[in-house]
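Subject: The structure I promised you

Hi,

Here is the structure I said I would pass on.

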Amino acid sequence: MLRSAVSALLRTNAEIPSVCAVPRVLFVRHTLRYPPQNRSFSLSVRLHKKQKRAWLLLEKGQTMDGNMEKILAPLRLAVKDQGDLVRQMKQDGVPEVDITKAVAELKARKRTLEAQELALQPRDDMVDRAKLEDTLKRRFFYDQAFAIYGGVSGLYDFGPVGCALKNNILQAWRQHFIQEEQILEVDCTMLTPEPVLKTSGHVDKFADYMVKDVKNGEYFRADHLLKVHLQKLMSDKKCPAAKKAEMEDVITQMDNYTQQELTDLFVNYNVKSPMTGNDLTPPISFNLMFQTSIGPGGNMPGYLRPETAQGIFLNFKRLLEFNQGKLPFAAAQIGNSFRNEISPRSGLIRVREFTMAEIEHFVDPNEKVHPKFSNVADLEITLYSSKAQTSGQSAQIMKLGDAVEQGVINNSVLGYFIGRIYLYLTKVGIAKEKLRFRQHMDNEMAHYACDCWDAETKTSYGWIEIVGCADRSCYDLKCHARVTKVPLVAEKLLKEPISLNHSYSLTSSHIVVNVVQFEPNKGAIGKAYKKDAKYIMEYLAVCDECFITEQEQLLNETGEFTIETEGKSFKLTKDMVSVKRFQKILHVEEIVPNVIEPSFGIGRIMYTILEHTFHVREGDEQRTYFSFPATVAPYKCSILPLSQNQEFMPFVRELSEAMTKDGVSHKVEDSSGSIGRRYARTDEIGVAFGITIDFDTVNKTPHTATLRDRDSMRQIRAEVSELPTVVRDLANGTLTWAEVESKFPIFEGQETSKKDVAEE
């Protein structure tokens, strides 16, 4: 991580005041119309390869644990200056190419700052990933799919423990969102015809560039491979400073290169296959969707869905009818999605098949106020606003109510869902201190989005996005309505007659709104396009104001514009179509709802939980355990007979049957080994509680057994008949372990043995 941090540091244009007595490093300056001010910067970081720990060389021999803000201050200033520069360039109308370079530089400085913040934080809260991955594989939480055939990257099979954990995470999601918020659940097909994804933009834009080894056919993602290659060249001590600066500039602009520019860079830097040294093909565009054909003839191209949202948008009319035509309402879907990643990596973080849980909350754009926002308004959440990012500031803890009131979060509907997401994530085991909500900067958001926040968690891979929460405006519904000619709108009965449509002003008696629509010349269109004229007329009839205004501008500037419908393109000229504006009084207002979309990556959430709950027993480095909350633990309880003695078996069966009846997942652990070793085995897969049947259970009446808490390892003793109910209440969260300890006696030790005679 620090190696990339140092590399990123070299990208900043600035010179920053020295904080340590080491040789000064000058930073690359981009050819911008508005170059930032110079500040000198001097920093030395070395990476201890064996231990992978970093030391920052400071004045007077201090370590990096001290003066953290002193170290970060110049980096924050560098980000702030670049953010100010970008804003000024946009205000001054600087050419887009220069703004793009400046934004890339801003992102680079942000990455530098964030990497340094992570590097300076205490290491004792970082998980031992090697030990974690060993446990996950050994206990078959999940493993690479098709392993006996050599495995396939980016595809994983979940074992019994992982499957139970994942199902419990999803069940908690259903309870927290679908049931508590009364959301409508749907289950749509994963196969999607091409026209649907053409309309949504996935066919044209859901792509990356890749290169191929010309001899063995191995593929690599072009930008990743080029970056690694340049970093390797830069690490050579013989690399001239000017050449190093040039390569740093290339890395900074990596996200902005066209296909031809990438091709030229691969040639200029003589990039070869990292595995074989073979030549590579020029970069080609690779769509990340899995393509297939629907039906035996192969005449209907389709894809495995890259997201679950589109199925909800396409069923909007049916869902609206189910909700008696009322807004607002929400629909949700849980299911698998597919992205044909070129270079899947980082375990469950970047895979080719993954489970998503998405909500689409449809709301009147003029009524973005959530009636239950007060329930979450007092939540204190770590927010990393766009302003803070571009100013070089850290994320700050804020009350959600304050964030909405101050305009940090766009509206209370979005704020409400951010609060509910926070409550869900912390409930299923994500550490509060390692969770933040980061706002997308303007250049990150889609042009149609009003506001967008990502729930990010700190892991051994750095900060990763696990949930996105976006205000998508009405973009998706309008796109599908335009292509299908089916109006995806809600109707709102008016107390007063209104004049339609999007822009309006209030008077004492009614609302005045302007209608904008195409006025086609049927004769001219019919003469030019014959039988296809009716498709053109239908298309023009459902276009929205935004689209009409854009085409009107083209019509005025060039005298024509082009539309696509029924798989064909049609050029329309001024004599074929014009734009008409008028007012029309209606008693029903048609509303294209805005959409608030929380989108959950279940695999990423699951991996974060695994990291955040993984621990090593104090004093015993070999004993590991997962402190899953009982609600999501794979098994709520284990039942452990003290030994193989057959006198214990009736009590084991009694407890197992009672827990099954109460719906409590449990595991009978009657394998060989000492009771301590068997406790360790159940702790290792995160079983929340353990009931032990011993000789006191057999020899005394009423029959009692011990109940053990996994995290504290403390035990109480209670009657066997009471324990299933206690475990059920603990698992449901209606009872705490502290309450259990206050109600039942603490277990100190077994009082009888096999030789004792049972009491009458």
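This is a predicted model: local features need pLDDT of at least 70, side-chain atom pairs count only at pLDDT 80 or more; totals for chains, interfaces and linings use all residues.

Residues are numbered from 1 along each chain as its sequence is written, and side-chain values use heavy atoms, with hydrogens and water left out.

**The overall picture**

The protein has 25 helices and 32 strands. Those are DSSP runs numbered from the N terminus: helices are H or I with at least four residues, strands are E with at least two. Of its 760 residues, 51% count as buried. Buried is under 20% relative accessible area, exposed is over 50%, and partly exposed is in between, using a 1.4 Å probe and protein chains only. If you take the contacts with a separation of 6 or more, 67% of them come from residues 24 or more positions apart; a contact is heavy atoms within 4.5 Å.

**Back to β30**

Strand β30 covers residues 689-693, and five of its five residues are buried. In a regular strand the side chains alternate between the two faces of the sheet. Here Phe689, Ile691 and Ile693 are on one side, Gly690 and Thr692 are on the other, and all are buried. As for partners, β28 (residues 637-641) pairs with β30 in the parallel sense over five bridges. Strand β31 (residues 704-709) pairs with β30 in the antiparallel sense, over four bridges. For strands to count as a pair, DSSP has to find at least two bridges between them. Look for Phe689 too, which stands opposite Asp709 in β31.

**A three-stranded sheet**

Next, find the open sheet with the order β8-β7-β9, where the pairing is antiparallel. β8 (219-221) and β9 (284-287) are at the edges with a single partner strand each, so one side of each has no neighbour in the sheet. Neighbouring strands in this sheet are turned by 50° against each other on average, direction ignored. Strand β7 (residues 207-212) is joined to β8 by three bridges, and Lys212 has Tyr219 in β8 as its bridge partner. Lying across β7 and β8 is helix α8 (residues 222-234), which runs at about 80° to β8. For such angles, axes are lines fitted to C-alpha atoms (for helices, over the stretch in contact), and the angles run from 0 to 180 degrees between N-to-C directions.

**Aromatic rings**

A search of the whole structure gives 22 aromatic pairs. Rings of Phe, Tyr and Trp (its six-membered ring) pair if their centres lie within 6.5 Å; planes under 30 degrees apart are stacked, over 60 edge-to-face, and the rest tilted. One of the pairs is Phe316 with Phe362, which is tilted, at 5.0 Å centre to centre and 55° between the planes. Phe316 is in helix α12 (residues 316-322) and Phe362 in strand β13 (residues 353-363), so this pair ties together parts that are 46 residues apart in sequence. Phe316 and Phe362 are both buried.

Another pair is Tyr529 with Phe570, edge-to-face at 5.2 Å centre to centre and 85° between the planes. Tyr529 belongs to helix α17 (residues 522-529) and Phe570 to strand β23 (residues 568-573), 41 residues apart. Phe570 counts as buried, at 3% relative accessibility. There is also an aromatic cluster made of Phe141, Phe614, Phe626 and Phe628.

Most residues other than glycine have a negative phi, and most peptide bonds are trans. What kind of peptide bond joins Leu327 and Pro328? A cis one, with omega about 0°, and Pro328 is in the loop between α12 and β12 (329-338). Thr701 and Pro702 are also joined by a cis peptide bond, with omega about -5°.

Phe140 is not a glycine, yet its phi is positive at about 55°. Phe140 is partly exposed, with a relative accessible area of 36%. Lys485 also has a positive phi, about 65°, but Lys485 is buried at 17%.

Happy exploring!
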